[in-house]
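Have a look at the sequence and the 3D view below. We'll walk through a few strands, a helix and some charged pairs together.

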Amino acid sequence: MDLVIARPEGLYCPAGDFYIDPWRPVERSVITHAHGDHARTGNQHYLAAAPGEGILRSRLGQDINLQTLAYGERLVHHGVTLSFHPAGHVLGSAQVRLEYQGEVWVASGDYKVEPDGTCAPFEPVRCHTFITESTFGLPIYRWQPQAQIFAGINDWWQANVAAGKASVLFCYSFGKAQRILHGIDASIGPILSHGAVEPLNRVYREAGIYIPETLYAGDFKKTDPLLRKALIIAPPSRRRQQLDQALWRLQRRLRQRLDAPARHAAASRRRPGVCAVRPRRLAGLAVGHRANRRRTGDGHPRLGGCIGAPSAGKRPGRPGLHHRIR
């Protein structure tokens, strides 16, 4: 019996009668982290790792029916022993460990094996079957070391300050923005953050994560001389919206683009994580990209085989394609 199968509502555990990061509203949901493609409104009950409570309530509503577990704490539900373990992705991110009748499965959620100081680092969890996210699973993805990325951002910002130009970085409001803020040299100049970023900065600070002082970008006019020294953090979705004309004009004028540190494990860094887990079977969860959505038809992720796994490992008649690791 497979502990996790794919249903239209999402990844489902039949023995425990709950879903992991469901795509549609369900009665019982187990949430790996608070990004919008994993945590959605409408579920009757949420279960998540305790460090992610503040973010989940901030994004889904303070009154959601949320139960939390500390990392490593165990909960038995319908005979299934469930626990959360750090995924190293964003604040509160967790892998879900399921144990039932001697079988252990782990659903990774999004994870990253390189520690960054903004969340608990990735913890390898031994299991029989490992369901790995594979957002950047192709071998073409190779991330630069984060120290090199931050050095590049600092040099770029410092050069713009010397030239009297504002520096604008577009990055996701949850996770990527805080990782950049945590890693940059805040002594270079003032830091302004968009209204979608600032509330999440407060949640990180309340969790004890170092985030330098930031100012709300909406309090400043585009002619303010402070902008000529500032680093402005804004989400990509705001690039062309009328409410952010000042930031959009700055971006058009500067035409500055920088690669920011990755939040997901690239193929080259996912392999050490999988090897540390040492599963007998590996299932890849392909999500998010348009090409994948076209191939799967309805836009929902599918459980599939990992790159390089032997085709002989297919198990016909199952909801997902699992590969046995030798």
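"Buried" here means under 20% relative accessible area, with exposed being over 50% and partly exposed in between (1.4 Å probe, protein chains only).

Before going on, a word on where this comes from: it's a predicted model, where local features need pLDDT of at least 70 and side-chain atom pairs count only at pLDDT 80 or more, while totals for chains, interfaces and linings use all residues. Residues are numbered from 1 along each chain as its sequence is written, and side-chain values use heavy atoms, leaving out hydrogens and water.

**Around β8**

Helices (H or I, at least four residues) and strands (E, at least two) are DSSP runs, numbered from the N terminus. Two strands pair if DSSP finds at least two bridges between them. Strand β7 (residues 74-77) runs antiparallel to β8, and four bridges join them. One example to look for is R74, whose bridge partner in β8 is S83. These two strands form a hairpin with two residues between them, and there H78 takes a positive phi near 55°. β8 also pairs with strand β9 (residues 94-100), again in the antiparallel sense, over six bridges. There, L82 stands opposite L98 in β9.

**A helix tucked away**

Now find helix α3 (residues 176-183). Six of its eight residues are buried, so this helix too is largely enclosed by the rest of the structure. The buried ones are K176, A177, Q178, R179, I180 and L181. What do they pack against? Their neighbours are α2 (146-163), β12 (167-170), β13 (191-193), α4 (198-206) and β15 (231-234), with contact meaning heavy atoms within 4.5 Å.

**Charged pairs**

Side chains of opposite charge can pair when their charged atoms come close. How many salt bridges does the structure hold? There are seven, each being a side-chain nitrogen of Lys or Arg within 4 Å of a carboxyl oxygen of Asp or Glu. Here are three of them:

| Salt bridge | Closest N to O |
|---|---|
| R28 and D17 | 2.4 Å |
| E53 and R57 | 3.1 Å |

R28 and D17 form a salt bridge. This pair links distant parts of the chain: R28 is in strand β4 (residues 28-30), while D17 sits eleven residues away in the loop between β2 (10-13) and β3 (18-20). D17 is partly exposed, at 30% relative accessible area.

E53 and R57, by contrast, share helix α1 (residues 53-60), where they lie four residues apart, or about one turn of the helix. E53 counts as partly exposed at 30% relative accessibility, whereas R57 is buried at 17%.
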